[in-house]
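Please keep the sequence and the model in view while reading.

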Amino acid sequence: MTDLTNAPEYTVSDLARALKRTVETEYGHVRVRGELGRVTVPKSGHMYLDLKDAEAVIDGVMWKGSVSALSFRPEEGLEVIVEGRLSTFPGRSKYQIIIERMEPAGAGALMALLEERKRKLAAEGLFAPERKAAIPYLPRVVGVVTSPTGAVIRDILHRLDDRFPVHVLIWPVLVQGEGAAAQIAAGIEGFNALQPGGLVPRPDVLIVARGGGSVEDLWAFNEEVVVRAAAASAIPLISAVGHETDTTLIDFASDRRAPTPTGAAEMAVPVRRELMERIEGARGRLSGALLRTVERKESDLRSASRGLPRPESLLGDARQKLDYATSDLVRFQALGIERRRAAVERLSVQLRPLAFKREIAERRQRLAQAGERMRAAKLRRLGDDGRRLAALTSTLEALSYHNVLKRGYAIVEDAKGRLVRSAGDLAPGDGVTLRLHDGERAAAIAGGAAPPRKEKPASKSRPAKAGSSAQGSLF
């Protein structure tokens, strides 16, 4: 049996550090191909993932600085090639690969990712034909989202200048590498945010352009942020990314796809020379058609005029009637003048001064006689009215109640001014008013029965004075 008492003793930490040094020394730089499993990016920006094949799994970590340099988004199921170094994590007794660079494992992997993303965005309706807008025929302002340097922008500007010079706005962006997708999307959204009539004119059409390249070079135009910005653009958008054989997802989301940036410029504006030739041709055709129409109408008018009567024949009868009417008018006018002259002469005889004086004297005499008759009639009428008034006055005095009151009677009214017709209408203490022929007196009804009246001799009887018959009941 072997004696182990002389073997060196390690602490757990010493052993973990020794293993870490050994692994990092032996595998300081490795290049590994595998399929991405779990991919996690916490708020720190670092990426934690599993790199696996059919038989094994290795934990991987990629620090934030390396993650930001990626030209694509790592997703689960994507086959990649990573470069880095192996290390251990003593706190968990596990080893892992520290990834410094990552790339898809060939174009096949990128195309698989591209097809999956294409199916996803198509399912959302971003590529639907009904979403696509028509390109304006003659835009006043063209917006271009591309790199400000390189041959692409020069080709576009040169082509626009040759065909139809317009106002061009350039939104400079990166078209490859880190941050390119975000800048391209921001350029599309920025042009759409411009208000019509503002200080910076709003483009009528947009061109998103880039030259040719590999799948990795064009990958920024496959990112969702770019595709969604193109699909949401209210301004008609032309995609001109790569050469005719290159295809990116922005091509499906744009309103038109151009095979090259130069082709995009040709789609954006017509050829000014051809347009002017078309206008001149249309003007010539319009002038010819107008001339032919006038000639045809003139011919039709001449043909129609042959069936019309001559103006002399239409006006002859009217002229003859006018001559007859003029002759009759002159004759009747002279006859009328003669008749009016004779009437004036007859009236002038009657208007001589002597005849006027005789007529005035006769009328004055008739007026004086009428005045005398009127005065006599007036006096007779006044006498009749006076006698009738005297008779009515005598009748009124005979019927007036004042004559009754003069014979010693009185009118009794209660406190409210109402006429008292019966003794039962009064009670002891009630105030009354006695209306006599020469005035009024207030009185009150006393209590008890009235004393009996004493008869006087017939020879000395007189009408009872007001108040004498009620001496025992009034005070």
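Does Phe191 count as buried or exposed, and at what relative accessibility? Phe191 counts as buried, because its relative accessibility is 3%, and buried residues are those under 20%. The surroundings of this residue are taken up again below.

## The chain as a whole

The model described here is predicted. The chain holds 12 helices and 13 strands, and of its 475 residues 27% count as buried. Among contacts between residues at least 6 apart in sequence, 62% join residues that are at least 24 apart.

## Two packed helices

Helix α5, which covers residues 180–193, packs with helix α6, residues 224–231, at an angle of about 10°, and their axes are 8 Å apart. Because angles under 35 degrees count as roughly parallel, α5 is described as roughly parallel to α6. On the side of α5 the contact is made by Ala181, Ile184, Ala185, Ile188 and Glu189, and on the side of α6 by Val225, Val226, Ala229 and Ala230. Sorted by class, the contact of α5 with α6 has 8 nonpolar residues, no polar ones and 1 charged residue.

Helix α6 is mostly covered, with 6 of its 8 residues buried. The buried residues of α6 are Glu224, Val226, Val227, Ala229, Ala230 and Ala231.

## Aromatic pairs and a charge over a ring

A search of the whole structure finds 2 aromatic pairs. In one of them, Phe127 and Phe252 are tilted, with 5.6 Å from centre to centre and 40° between the planes. Phe127 lies in the loop between α3 (107–123) and β6 (141–146), while Phe252 lies in helix α7 (residues 249–253), so this pair ties together parts of the chain that are 125 residues apart in sequence. Phe127 counts as buried, at 13% relative accessibility, whereas Phe252, at 28%, counts as partly exposed.

Phe191, with which this report began, forms an edge-to-face aromatic pair with Trp171, at 5.3 Å centre to centre and with 70° between the planes. This pair links distant parts of the chain, since Trp171 belongs to strand β7 (residues 167–172) and Phe191 to helix α5, 20 residues apart. Trp171 has a relative accessibility of 30% and therefore counts as partly exposed, while Phe191, at 3%, is buried. Elsewhere, the charged end of Arg331 sits over the ring of Phe332, 4.9 Å from the centre of that ring.

## Two aspartates

Asp162 is found in helix α4, residues 151–163, and is partly exposed, with a relative accessible area of 43%. Asp162 and Arg273 are 111 residues apart in sequence, yet they are 9.4 Å apart in space, C-alpha to C-alpha.

Asp430 lies in the loop between β11 (411–414) and β12 (431–436), and with a relative accessible area of 30% Asp430 is partly exposed. Leaving aside neighbours within four places in sequence, Asp430 is in contact with Asp425, Ala443, Ala444 and Ile445. For Asp430 and Ala444, 14 residues apart in sequence, the separation in space is 5.6 Å, C-alpha to C-alpha.

How values were computed
Residues are numbered from 1 along each chain as its sequence is written. This is a predicted model: local features need pLDDT of at least 70, side-chain atom pairs count only at pLDDT 80 or more; totals for chains, interfaces and linings use all residues. Side-chain values use heavy atoms; hydrogens and water are left out. Axes are lines fitted to C-alpha atoms, for helices over the stretch in contact, and angles run from 0 to 180 degrees between N-to-C directions. Helices (H or I, at least four residues) and strands (E, at least two) are DSSP runs, numbered from the N terminus. Angles under 35 degrees count as roughly parallel, over 145 as roughly antiparallel, 65 to 115 as roughly perpendicular and the rest as oblique. Contact means heavy atoms within 4.5 Å. Ala, Val, Leu, Ile, Met, Phe, Trp, Tyr, Cys and Pro count as nonpolar, Asp, Glu, Lys and Arg as charged, and the others, Gly among them, as polar. Buried means under 20% relative accessible area, exposed over 50%, partly exposed in between (1.4 Å probe, protein chains only). Rings of Phe, Tyr and Trp (its six-membered ring) pair if their centres lie within 6.5 Å; planes under 30 degrees apart count as stacked, over 60 as edge-to-face and the rest as tilted. A charge sits over a ring if NZ of Lys or CZ of Arg is within 6 Å of the ring centre and within 35 degrees of the ring normal.
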